[in-house]
2 protein chains.
Amino acid sequence: MARIAIDMDNVMADLTQHLLDVYEQQYGVSIDPAALDNVPEGSAFPEGVAYKILQTPGFFRGIPVMKDSQEVIKALSEQHEIFVVSAAMEFPHSLTEKLAWLNEHFPFISWRNIVFCGAKTIVEADYMIDDHDKNLSTFKGKPLLFTAPHNLLLTDYRRVNNWKEVAEYFALDTAPVV
Amino acid sequence: MARIAIDMDNVMADLTQHLLDVYEQQYGVSIDPAALDNVPEGSAFPEGVAYKILQTPGFFRGIPVMKDSQEVIKALSEQHEIFVVSAAMEFPHSLTEKLAWLNEHFPFISWRNIVFCGAKTIVEADYMIDDHDKNLSTFKGKPLLFTAPHNLLLTDYRRVNNWKEVAEYFALDTAPVV
């Protein structure tokens with residue numbers, strides 16, 4: 001059994017899609033998702049707007065679930081120790097929203113296995129699935145980079161493009177040696 | 001520089017005293033603090049009452065600060081990497097209250113250095129200051145048991161009875177060798 005630390009935003013929760021949707025609803029402007037590729041998060045929006053949307057109560061509660069994440073994480077949790085590790089401290093109101101979101105969409109994850117933190121340097125696990133270089137670069141276990149628009153050019157990590165690929169990775173990487 | 005993980009309840013925050021005070025305010029009954037010695041937390045109160053008080057919105061926001069903790073943690077933070085690590089997930093409304101409490105009483109601690117979790121097995125640090133055997137027993141660094149009524153008989157750990165003793169411990173234990 002391995003301990004796997006899994007990020008929420010842009011890994012379990014499709015934050016990018018929700019940001020595009022909420023921006024279009026609130027400002028009446030549609031942004032081409034390709035405009036988000038290879039630029040820092042939020043910078044494809046007018047200055048300060050993405051941050052303002054993230055600060056809006058209710059934003060984190062309404063994020064859609066990343067495709068296939070529920071099924072794959074459920075299956076992984078039957079063989080491994082799963083910890084959800086989310087950098088939530090920068091947005092205080094997101095704390096209760098993220099917990100409610102997890103309870104709704106991932107009811108099989110116990111509150112004992114949820115971590116809301118600032119820096120992730122304190123996390124000890126065998127694997128970390130995350131979309132940010134800053135979280136993976138200090139991690140002592142095996143890092144897995146979950147593809148997001150802002151990290152397409154990163155080549156330092158084993159990349160997983162979706163949850164089907166995560167399932168395939170763990171089926172091979174943690175299989176018992178025959 | 002060492003990384004020191006510090007628990008909140010009964011270590012930075014005097015939860016026991018607050019529980020006694022709130023119980024007396026709400027129920028008009030004063031409990032002798034000695035009745036809390038060597039019994040599981042909450043069991044000196046009528047059944048279910050302590051848990052009910054802990055679930056009350058506002059309870060965690062109003063806890064008094066543990067004596068000398070601000071000065072000692074401030075001094076430690078100038079030489080070491082401090083992480084506040086609180087098992088907050090069991091009481092969802094406590095999340096934002098605990099963050100506001102920390103911002104008020106420990107403004108020198110960055111949101112980057114705050115961790116709200118369930119189980120603390122995921123925490124990697126050099127030292128952990130905590131009042132619970134369950135958190136210290138799986139910790140791979142040096143555990144320090146902060147004295148609380150429910151742990152008076154534990155002998156498995158280096159014990160610190162108050163924050164003055166924590167200061168003395170770190171002055172000796174992490175001093176450079178001359």
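Colleague: How many residue pairs are in polar contact across the interface of chain A and chain B?

Modeller: This is a predicted model, where local features need pLDDT of at least 70, side-chain atom pairs count only at pLDDT 80 or more, and totals for chains, interfaces and linings use all residues. Residues are numbered from 1 along each chain as its sequence is written, chains are lettered from A and ligands numbered from 1 in the order in which they are written, and side-chain values use heavy atoms, with hydrogens and water left out. A polar contact is a pair of N or O atoms within 3.5 Å; within protein, one must be able to donate a hydrogen and the other to accept it, and residues adjacent in sequence count only if both atoms are side-chain atoms. Across this interface, with both residues at pLDDT 80 or more, the number of such residue pairs is 11.

Colleague: Which element gives the largest share of the side of chain A that touches chain B?

Modeller: Helices (H or I, at least four residues) and strands (E, at least two) are DSSP runs, numbered from the N terminus. Strand E2 (81-87), helix H4 (94-105) and strand E3 (114-117) of chain A each give two or more residues to that side. The largest share, 4 residues, comes from E3(A).

Colleague: Which residue of E3(B) stands opposite Cys117(A)?

Modeller: Two strands pair if DSSP finds at least two bridges between them. E3(A) and strand E3 (residues 114-117) of chain B run antiparallel, joined by 3 bridges. Opposite Cys117(A) stands Val115(B).

Colleague: Which residue of chain B forms a salt bridge with Lys140(A)?

Modeller: A salt bridge is a side-chain nitrogen of Lys or Arg within 4 Å of a carboxyl oxygen of Asp or Glu. Between chain A and chain B the count is 2. For Lys140(A), the closest N and O atoms are 3.3 Å apart, and the partner is Glu124(B).

Colleague: Inside chain A, which residue of E6(A) is the bridge partner of Leu145(A)?

Modeller: Strand E4 (residues 127-130) of chain A pairs with E5(A) in the parallel sense over 4 bridges, and there Leu145(A) is the partner of Asp130(A). E5(A) also pairs in the parallel sense with strand E6 (residues 158-160) of chain A, over 3 bridges. In E6(A), the partner of Leu145(A) is Arg159(A).
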